[in-house]
Amino acid sequence: MYQGDDPHPAHVTFGTAVDADFVHFETGDEREECRGNTHSEFDRLKTGLTLSRSYDVVIAEGSAPLQTLLAYGLINPDATLVFLAADETFYELDGRPTRYLWRALGPLASRLLDGVIPISDDVDASIRRYIHGVPSQKVYPPIADAKHEQLRVLTPSSPTAEGIHLLTVGTAKPANNYPMLCDASSALRDRWRDGLSLTILGPDHPDEPYSTRPWIKTPGYVDIETFVDFFDRATMYVQPSSGDAFSVAAAEGMLSGTPTVVTTGVGARELVDDSVVAELTAESLTETLKTTLERPAAERVGLGKTQRKKVIDVTEDTQAAEFRDAITSFHHD
């Protein structure tokens, strides 16, 4: 069960690994017929209760589809129900009004679910505040093969006379926290003057107020060759999110060999050293970036190589196999 106009690419890899049908959690549409989200609690309940096919295993990608999954489980007690915990909802739930909904649904989920597949330790811990006693098996989302092949052979660059190039990738949604990164980049320019730039790849950024700052570039969506070229020229990759269940983009930064800095709001921080993890303030992020940029060149190259080793095996094939193993461990005949 997926949400949005199409499943997340990583979830397509996961679903394909177990020969799954992809069904929209609110409309019941298959991928080829998808009409997108309706944002209707009634539609979620209706879809869960009236799916035309019965399945041995049903997987929900995210907390909203989990509502549909629980409805399905109420009338299909023999099905194996698995929650793919891959969004930031439970990660941020303590500060959201929907925490009251999940306090009510938690006991039902604890009874009906057969397994949880969190994509980071943070996500697993956040789920445990609401759902108890359900076995879990962590599986990282994969880096797409087309990107993996090109990023893993890049060589990290060092600060030079040509300047320092910071890079980040993602949508303009608030949870990605780009205004804070832009403020940090502004503070860093007091140290490097006109020799520092920040590139933000992804949709919608050209419409944001920070895009008018002269040292910030917002190319929007780019093709894969241009994408890799930005990583090749980057001095440092930064993921400033306040709520990011994992962040494949941060893993891509690590794979490129570009020293990667993340915040405490990024689930992938479990893969990096504490020295490159910043608190969720512009001041902390500025200091972490500054300290990392001022490391000796050899130390920075070593950092990039160490980070690359942590994600070099996070491929579509390996993660598909891990996902398949997790589903098998939860499935009951």
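Mentor: We shall take strands, a helix, the surface, salt bridges and single residues in turn. This is a predicted model, in which local features need pLDDT of at least 70 and side-chain atom pairs count only at pLDDT 80 or more, while totals for chains, interfaces and linings use all residues. Residues are numbered from 1 along each chain as its sequence is written, and side-chain values use heavy atoms, with hydrogens and water left out.

Trainee: How many residues of strand β2 are buried?

Mentor: Two terms are needed. Helices (H or I, at least four residues) and strands (E, at least two) are DSSP runs, numbered from the N terminus. Buried means under 20% relative accessible area, exposed over 50%, and partly exposed in between, with a 1.4 Å probe and protein chains only. In strand β2 (residues 80–85), 6 of the 6 residues are buried, so the strand is largely enclosed by the rest of the structure. T80, V82 and L84 point one way from β2, and L81, F83 and A85 point the other way.

Trainee: Which strands pair with β2, and in what sense?

Mentor: Two strands pair if DSSP finds at least two bridges between them. Strand β1 (residues 57–61) runs parallel to β2 and is joined to it by 5 bridges; A60 stands opposite F83 in β2. Between β1 and β2 the chain passes through helix α3 (residues 63–75), and this β-α-β crossover is right-handed. That term applies if, with the strands pointing away from the viewer, the path from the first strand over the helix to the second runs clockwise. Strand β3 (residues 115–118) also pairs with β2 in the parallel sense, over 4 bridges, and there L84 stands opposite I117.

Trainee: Is helix α10 enclosed or open, and what covers its buried residues?

Mentor: In helix α10 (residues 248–255), 8 of the 8 residues are buried, so the helix is largely enclosed by the rest of the structure. Among the buried residues are E252 and G253. Their cover, judged by contact (heavy atoms within 4.5 Å), includes α7 (145–151), β4 (164–169), α9 (224–233), β7 (236–239), β8 (260–263) and α12 (297–311). Just after α10, G257 takes a positive phi of about 85°.

Trainee: Which residues make the nonpolar surface patch?

Mentor: Patches are made of residues with over 30% relative accessible area and no salt bridge; like charges are joined within 9 Å, and nonpolar side chains (Val, Leu, Ile, Met, Phe, Trp, Tyr) within 5 Å. Accessible areas come from the Shrake-Rupley method with a 1.4 Å probe, and for residues only the protein chains shown count as cover. Here L45, L49, L74 and I75 make a patch of about 350 Å². Helices α2 (41–50) and α3 each supply at least two of its residues. I75, in helix α3, is partly exposed at a relative accessible area of 46%.

Trainee: How many salt bridges does the structure hold, and which parts do they tie together?

Mentor: Side chains of opposite charge can pair when their charged atoms come close. A salt bridge is a side-chain nitrogen of Lys or Arg within 4 Å of a carboxyl oxygen of Asp or Glu, and the structure holds 18 of them. One joins D6 and R31 (3.0 Å, N to O). D6 lies in the segment before α1 (9–17) and R31 in the loop between α1 and α2, so the pair ties together parts that are 25 residues apart in sequence. Another joins R35 and D29, with the closest N and O atoms 2.7 Å apart; R35 is exposed at 61% relative accessibility, whereas D29 is buried at 7%. In the salt bridge of R269 with D122, the closest N and O atoms are 2.3 Å apart. R269 lies in the loop between β8 and β9 (277–278) and D122 in helix α6 (residues 121–127), so this pair ties together parts that are 147 residues apart in sequence. Salt bridges that share partners also join E26, E41 and R44 into one network.
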